[in-house]
Amino acid sequence: MKKGFFTKLNEAKWSYIFIAPAVLLFLIFVVGPVIASFYWSFTEYDAIHAPKWVGLANYKNIFFNDPRFWKSVRNTCLYTLGVIPLGTALSLLLAIAVDQQIRFKNFFRAIYFIPSVTSVIALSVIWKWLFAGEKYGLINHILIRVGLQPVDWLMSPVWTLPAIMIMSIWASLGYNMILFLAGLQTIPKTVYEAADIDGANVFDKFWHITLPLLKPFTVFVVIIGFITSFQVFERVYIMTQSELGIGGVLDSALTVVAYLYDMGFRKFKMGYASALGYIVFVVVFIITIINIKFVKTKVEY
Amino acid sequence: MEILKSKRFQNVATKSMIYALLALGAIVIVIPYVWMFVTSIKPVEEVQSYPPSFIVKHPTVLPYQNLFRLMPILRYLWNSIYVSAAVTIANLFFCSLAGYAFAKHKFWGRDKIFFVLLGSLMIPWQVNIISGFILIRKLGWLNSYNALIVPVMAGVFGVFLCRQFIMSIPNDLVDAAKIDGCSEFGIYRLVILPLIKPVLATLAILTFLQQWNSFIWPLIVINSNQMRTLPLALSVLNSQFGTRFATIMAGAVVATTPMLIVFLLFQKYFMKGITMKGLKEYGTP
């Protein structure tokens with residue numbers, strides 16, 4: 001049945017009306033700012049005076065003339081390399097444990113998931129308190145009890161970043177575990193039964209069945225880890241804030257996005273911060289492309 | 001018999017190890033929350049006494065009283081509720097409306113527009129934050145509900161989620177309604193909306209949770225005393241009264257408890273929704 005021209009036009013009118021709110025908001029609050037930021041990244045702009053065109057100067061300065069930027073890159077890389085392997089391994093272990101024939105399955109899953117629904121700000125202030133002080137802080141007290149030296153976590157240039165990493169691993173366990181559980185569901189039980197008949201033990205089964213069949217999910221968890229780690233900000237902001245700014249003693253926990261915030265909203269170098277934003281964008285974009293190629297999946301439309 | 005016995009022993013041993021591991025993990029997850037609560041009812045002398053203890057000798061509500069004295073915390077609670085609810089309702093309406101058009105209508109540019117929308121999910125917020133701030137300032141919306149609500153009234157992910165779901169509704173239903181003389185908006189309201197309740201529930205949970213915990217955007221566009229949301233209030237407490245741990249923990253209790261209760265009531269939907277968001281947004285393995 002072919003529709004008449006006017007019916008079509010009428011339907012199209014309604015279609016555009018229906019998508020209008022979403023599309024307009026998208027144009028105003030996403031597309032507009034993305035373009036504006038791109039322009040400002042080539043300017044010197046303090047948000048008061050008109051932006052002054054400086055060409056590639058911001059990018060050049062960032063890459064060749066800015067030790068703080070490179071320090072933040074180093075910190076972000078250390079953070080990422082610390083959080084991902086340990087976080088992934090632990091959450092996989094927990095996922096396998098929860099996936100067994102056990103009681104209280106839902107209880108455990110819910111408990112591990114709680115940090116994923118708690119505000120990062122709340123988590124950060126709680127962990128700041130856990131890491132506090134020489135003796136009265138809970139973590140240092142535990143260290144003393146097991147015979148280790150207490151550490152001045154958030155005041156020491158060595159331990160600030162590891163403290164934030166510990167909290168991050170803790171906070172993301174449940175989320176990653178749930179993703180792994182989704183993966184474990186895809187492995188047919190018959191494969192394990194066949195292995196049982198062949199006399200395989202628990203570790204054989206893990207190395208030769210679970211791990212290989214779970215690989216797409218592992219890659220996925222790692223990629224999400226890369227993207228979120230690269231953008232880490234709130235916990236750094238809360239845990240390292242002092243009168244001197246953010247980033248901890250000697251910038252020891254200054255991450256790339258914390259640096260962006262510092263430049264944009266404390267020093268009001270909006271042009272410079274926009275350039276930093278675009279650098280983050282490019283890195284995240286590359287990781288996403290690697291993800292799509294590596295995992296060989298398409299987002300379903 | 002010997003073998004059977006040893007197998008059984010092995011089973012029991014493995015099971016106990018699994019329970020031990022899971023219990024240990026659960027304790028590690030829960031302790032910070034318990035510590036938060038315990039600290040929030042401790043008098044000053046006990047907060048920094050040594051050794052730290054989970055048992056409160058003289059429980060007190062003083063930290064909460066201090067919290068209410070230091071800042072208008074009820075107002076912040078209201079701000080959080082108001083903003084989260086408004087954003088959620090707006091998203092439910094606008095996303096399902098657009099999702100319906102993208103799923104069931106044929107119009108010029110449909111797939112191209114949708115593809116561009118979807119591609120924008122890859123843009124990290126860091127790119128927009130500076131220009132977003134300046135835009136809000138130009139609009140005169142700094143320190144207003146508008147700044148917190150309007151930019152996020154129709155999230156792209158919500159449109160995507162609704163479109164996916166509506167595509168699975170048979171075309172016949174839509175066509176039948178059309179033949180019965182139903183208007184386009186009538187089809188949306190009478191046919192589509194009742195059928196997509198599950199996805200709307202998921203979207204509501206995701207949106208509300210995201211707004212409730214949102215921090216960076218409010219940090220940028222709000223600096224007035226009255227307009228803060230709970231996470232922002234916690235951050236201010238942390239920066240201005242950094243050593244008054246009992247009061248800060250009282251603030252953390254106020255900020256986390258409502259969401260914790262809602263989560264425990266609807267945990268299945270939460271876990272399903274959040275996992276799905278991760279899988280969909282970054283592409284399913």
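Reply: Chain A contains 13 helices and two strands, where helices (H or I, at least four residues) and strands (E, at least two) are DSSP runs numbered from the N terminus. The model is a predicted one, in which local features need pLDDT of at least 70 and side-chain atom pairs count only at pLDDT 80 or more, while totals for chains, interfaces and linings use all residues. Residues are numbered from 1 along each chain as its sequence is written, and chains are lettered from A and ligands numbered from 1 in the order in which they are written.

Taken along the principal axes, the C-alpha atoms of chain A fill a box of roughly 75 × 70 × 35 Å. The radius of gyration of chain A is 25 Å, whereas a compact globule of 301 residues would have a value near 19 Å (taken over C-alpha atoms, with the globule rule being 2.2 Å times the number of residues to the power 0.38). Of the 301 residues in chain A, 43% count as buried (20 or more other C-beta atoms within 10 Å of a residue's own; exposed means 12 or fewer, partly exposed in between, with C-beta atoms placed from the backbone). Among the contacts in chain A with a separation of 6 or more, 67% join residues 24 or more positions apart, a contact being two C-beta atoms, placed from the backbone, within 7 Å.

Now for the backbone. Most residues other than glycine have a negative phi. A:Phe104, however, has a positive phi, near 60 degrees, and sits in the loop between helix H3 (67-99) and helix H4 (105-113) of chain A. A:Phe104 has 14 other C-beta atoms within 10 Å, so it counts as partly exposed. Phi is positive at A:Leu250 too, near 55 degrees, and A:Leu250 belongs to the loop between helix H11 (234-239) and helix H12 (256-266) of chain A. A:Leu250 counts as exposed because it has 12 C-beta neighbours inside 10 Å.
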